[in-house]
Amino acid sequence: MKKFLIVPSLLSANFCYLGKEIKKVIHAGCNLIHFDLMDYHYVPNLTFGPMILQSIKNNGIHVQFDVHLMASPVDSLILLFSDLNVKFITIHPETTKHLDRSIQLIKQIGCKVGIALNPATSLSYLEYIIDEIDLVLVMAVNPGFGGQVFLKYIIKKIRKVRSLIDRRKNDILLSVDGGINFSNVVQILRSGADILVIGSAIFHSSNYLKTIQRFKNSFL
Ligand code: DX5
Ligand code: ZN
């Protein structure tokens with residue numbers, strides 16, 4: 001059986017009960033949570049920032065975060081995520097003038113580095129930095145909103161990134177973000193995903209535990 005991780009995306013949670021929502025997915029066995037920061041500049045939507053993670057930490061909720069920065073400029077923002085239980089910080093190459101510098105900043109604050117590729121973004125961005133990063137996040141929708149439809153041509157891209165990673169023989173993780181549901185999850189896993197970022201299919205369901213369980217069993 002293939003090993004993979006379900007990472008719930010808070011973007012589709014009920015913000016009125018954020019703490020409770022997080023506890024529910026932790027209860028379902030998820031110990032990494034996706035946190036979509038949007039700035040209304042790089043993407044046409046506005047979400048949340050590091051203060052929310054500080055509040056979650058101060059209130060004793062023990063979980064790690066996978067921070068997806070959809071913001072430009074990004075360097076000064078990266079530094080604000082230090083010491084907030086953040087495991088990965090993922091950035092889009094288009095949001096920074098000096099990608100290597102931004103990567104080094106993420107490392108400086110003790111986080112793992114993710115690179116997000118929009119549907120139309122070329123894999124060539126990875127060529128020289130591949131040995132500097134820990135995760136590639138393949139976007140299967142245009143960044144900015146939850147609940148969008150999975151772009152089918154991204155399957156080919158997931159396979160390409162998979163073979164690129166396998167050729168390097170290091171342990172870079174392949175994460176897929178956007179539009180994942182029960183009808184496409186098996187194909188996404190077969191194409192080589194290690195991490196599934198799932199928002200609306202979990203948080204718009206009536207029972208998170210059962211939904212997450214069903215996703216976990218989808219490749220049995
Ligand atoms: C979109 C975000 C995603 C989003 C996924 O810009 O990066 O993380 O929350 O949500 P669903 O699963 O609803 O597509
Ligand atoms: Zn995301």
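Student: At which residues does UniProt place the feature "binding site" in the set that includes Ser-9?

Tutor: In the unreviewed entry, UniProt places this feature at Ser-9, His-68, Gly-144, Phe-145, Gly-146, Gly-147, Asp-177, Gly-178, Gly-179, Gly-199 and Ser-200. The model is predicted: local features need pLDDT of at least 70, side-chain atom pairs need 80 or more, and totals for chains, interfaces and linings use all residues. Residues are numbered from 1 along each chain, chains are lettered from A and ligands numbered from 1 in the order written, and side-chain values use heavy atoms without hydrogens or water.

Student: What is the relation of this set to the largest pocket?

Tutor: The pocket lining takes in Ser-9, His-68, Gly-144, Phe-145, Gly-146, Gly-147, Asp-177, Gly-178, Gly-179, Gly-199 and Ser-200. A pocket is an open set of points on a 1 Å grid over the protein atoms alone, where a 1.4 Å probe fits, with protein on both sides within 12 Å along at least five of seven lines; a lining residue has an atom within 4 Å of a point.

Student: Which residues does UniProt list for "active site"?

Tutor: The unreviewed entry lists Asp-36 and Asp-177. They are spread over 142 residues of sequence, yet they cluster in space, with a largest C-alpha distance of 10.7 Å. The lining of the largest pocket takes in Asp-36 and Asp-177 from this set.

Student: Which residues coordinate the zinc ion (ligand 2)?

Tutor: His-34 through NE2, Asp-36 through OD, His-68 through ND1 and Asp-177 through OD coordinate the zinc ion (ligand 2) at 2.1 to 2.2 Å. A donor is an N, O or S atom within 2.8 Å of the metal (3.2 Å for Na, K and Ca), and sites may look incomplete because water is not among the atoms. The distances of 2.1 to 2.2 Å therefore meet the 2.8 Å limit. Along the chain, the donors follow the spacing H-x1-D-x31-H-x108-D. UniProt, in an unreviewed entry, also lists His-34, Asp-36, His-68 and Asp-177 for "binding site".

Student: Why is the arrangement around the zinc ion (ligand 2) called octahedral?

Tutor: Its six donor atoms subtend angles of 71 to 172°, which makes the arrangement octahedral.

Student: Why does His-34 count as buried?

Tutor: His-34 has 0% relative accessibility, so it counts as buried. Buried means under 20% relative accessible area, exposed over 50%, and partly exposed in between (1.4 Å probe, protein chains only). Asp-36, at 4%, is therefore buried, and His-68, at 0%, is also buried.

Student: What makes Asp-83 exposed?

Tutor: Its relative accessible area is 59%, and therefore Asp-83 is exposed. Asn-85 has 30%, so it is partly exposed. Asp-83 lies in the loop between α3 and β4, and Asn-85 is placed in that loop between α3 and β4. Asp-83 has a positive phi of about 60° although it is not a glycine; Asn-85 likewise has a positive phi of about 60° without being a glycine.

Student: What makes β3 and β4 paired strands?

Tutor: Strand β3 (residues 64-70) and strand β4 (residues 86-91) are joined in the parallel sense over five bridges. Strands are DSSP runs of E with at least two residues, and helices are runs of H or I with at least four, numbered from the N terminus. His-68 is located in strand β3, and Asp-36 has its place in strand β2.

Student: How do you know that β1 and β2 are edge strands?

Tutor: The open sheet has eight strands in the order β1-β8-β7-β6-β5-β4-β3-β2, with parallel pairing. Each of β1 (5-8) and β2 (32-38) pairs on one side only.

Student: What kind of peptide bond joins Ser-72 and Pro-73?

Tutor: It is a cis peptide bond, with omega about -5°. Pro-73 sits in the loop between β3 and α3 (75-79).

Notes:
Pairing = 2+ DSSP bridges. Tetrahedral: all angles 85-135°; square planar, octahedral: opposite > 155°, others 65-115°. UniProt positions renumbered as here; feature names shortened; annotations may be inferred.
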